[in-house]
Amino acid sequence: MVQYDYDVVIIGGGPAGQQVAYGLAEQKRILIIEKDLWGGTCPNRGCDPKKMLYGVVEAKRQTEAFQNKGLQGVPEIDWAAMMAFKQSYTDQIPSGTEAGLRHANIHHNHGTARLLSDHALDLDGEEISADKIVIATGATAAKPEIPGQELLETSDDFLNQTTKPKQIALIGAGYVAIELANIAVSAGVTVHIFQHNHAILGGQPQAYTDELTELLTQKGIIFHWDSDVTAVEKQDRSLVVETNQETVAGFDHVYSAMGRPANVADLDLAVAGVKLAEHGGIQVNDYLQTTAANIYAVGDVAASPAPKLTPVAGIEGRYVAQVLSGKIDKPIQYPTIAHTVFAGPELAQVGVPLVEAQAHPDRYVINDQQLGAWYTYMRMGDAHAKVSVITDKQTGIIVGAVVLATNAEEVINYFAEMIGQQQSADVLQTWVPVYPSAASDLTYLY
Ligand SMILES: Cc1cc2nc3c(=O)[nH]c(=O)nc-3n(C[C@H](O)[C@H](O)[C@H](O)COP(=O)(O)OP(=O)(O)OC[C@H]3O[C@@H](n4cnc5c(N)ncnc54)[C@H](O)[C@@H]3O)c2cc1C
């Protein structure tokens, strides 16, 4: 029998890779490899730092909502202090993550892994063999192939921007662009968004994205619709953006936020027989196995049918750990996964998409409600709050929801739980949440 150096080598020390490692630590000889920051995208340059900044700008927005209702004067955001606050958290992530691995006796190495075959990889010049390999290398920000590409920055740079810019541009209008734009504009930065079509947050229901676009426009974000950025150049000390429509000058930074393709550049997948899926990402089957039978892919890098989010990375990592330790032999099953865009207010969605429910009135009942006058939202000055709740016509079971509101991130979790438990509205009759709270409104939402 072939003796490998390790039972399992995991490439990538983000949420997905770590879940595999912790799940196997006690049964297998494992090694986890990270080339950059231990902890990966989410805690270092994604969800967590972004939400620390969001907390600050949301406090300002709430203060604005209470003007002449007991509060006078809106605080200014101190950009440098806000970023230092964020840094106070992110600074300790890599060392804290590594300490956790050490504590759990998990072999871990810093370096860049490259596949040599389906059982071997190169770690900065050292050859390592493994019975199984798990690829958990995440995703990276895409940049358009245009003149001036080298001048473009990404969300990583935005989240490390220690001095306040005067004017910035974002290319793209997905959730990363919208969330960063909201933080910047709330902090007093002039923000332009260049979007190739005429909508933000592709895939989200238009009635909601239109409302959110209106709110963001009122905050001061300047949208350039149907704009393909064709070049970026430096003029004196600022940047100029050229599009198919116009030339706009005077930017301190231009951030590319056009999506996050799988991070596979270093891996040399072909030598190991690992193939990419048609629309990017590593092709995997229902067991998260790649086209090389003993190599698995989890998290953002995998072309699995789930959204690219931290909880999904965790679920996939834990699942593969169970497969590799022989505890499970069934295909992966995803629970109901909610998603929130932190745009001040939040736009949250879960379950059956609204467009699908609208297209099948024979199967679904949709209850749309404007919530602005409701006590909870009136109290917070959230005049635009609204919700759509989708139920199955036959069973009365809740199957989907969209919420645009302050604290939608919490409300959507209740819906996710109800969908996951396949509960009908009746169950709320026996549920006693705190009153008054966002949860206590649920009884009236459908
Ligand atoms: C700005 C931003 C905001 C986000 N906000 C949210 C949010 O609010 N909620 C949410 O759920 N998700 C959010 N996400 C997405 C979330 O961060 C990812 O879904 C999650 O981090 C994926 O985990 P992962 O382990 O698959 O990949 P990652 O966290 O990206 O980890 C992959 C790791 O692999 C390493 N690596 C890559 N190649 C190699 C190699 N060859 N050798 C060794 N190591 C390698 C990388 O350095 C990286 O550390 C956000 C992302 C961004 C960018």
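Which residue's side chain is joined by a polar contact to the side chain of threonine 376? In this predicted model, the partner is aspartate 441, and the polar contact between the two side chains spans 2.6 Å. Threonine 376 has its place in helix 11, and with a relative accessible area of 5% it is buried. Once its neighbours within four places in sequence are set aside, threonine 376 is in contact with Ser437 and Ala438 as well as with Asp441.

Helix 11, at residues 375-379, also takes part in covering the buried residues of helix 12, and the other elements of that cover include helix 3 (47-65), strand 15 (339-342), strand 16 (346-351), strand 18 (386-392) and strand 19 (398-405). Helix 12 itself runs over residues 408-420, and its 13 residues reach 18 Å from the first C-alpha to the last, close to the 18 Å expected at 1.5 Å a residue. The residues buried in this helix are Ala408, Glu409, Val411, Ile412, Phe415, Ala416, Met418 and Ile419. Just after helix 12 comes glutamine 422, which takes a positive phi of about 55°.

Helix 8 covers residues 206-219, and its 14 residues reach 20 Å between the first C-alpha and the last, close to the 20 Å expected at 1.5 Å a residue. Its buried residues are Tyr208, Thr209, Glu211, Leu212, Thr213, Leu215 and Leu216, while glycine 220, just after the helix, takes a positive phi of about 120°.

An oxygen atom of the ligand is 2.4 Å from an N or O atom in the side chain of lysine 50. On the nitrogen side, a ligand atom is 3.0 Å from a polar backbone atom of alanine 113, and a nitrogen atom of the ligand is 3.1 Å from an N or O atom in the side chain of tyrosine 175. Taken alone the ligand exposes 1,000 Å², and the protein buries 95% of that area.

Conventions: Residues numbered from 1 in each chain as written. Predicted model: local features only at pLDDT ≥ 70, side-chain atom pairs only at ≥ 80, totals over all residues. Heavy atoms only, no water. Helix = DSSP H or I, 4+ residues; strand = E, 2+ residues; numbered from the N terminus. Expected span 1.5 Å × (residues − 1). Buried < 20%, exposed > 50% of the residue type's maximum accessible area, 1.4 Å probe, protein only. Contact = heavy atoms within 4.5 Å. Polar contact = N/O pair within 3.5 Å; in protein donor to acceptor, adjacent residues only side chain to side chain. Areas by Shrake-Rupley, 256 points an atom, 1.4 Å probe, with all protein chains shown as cover.
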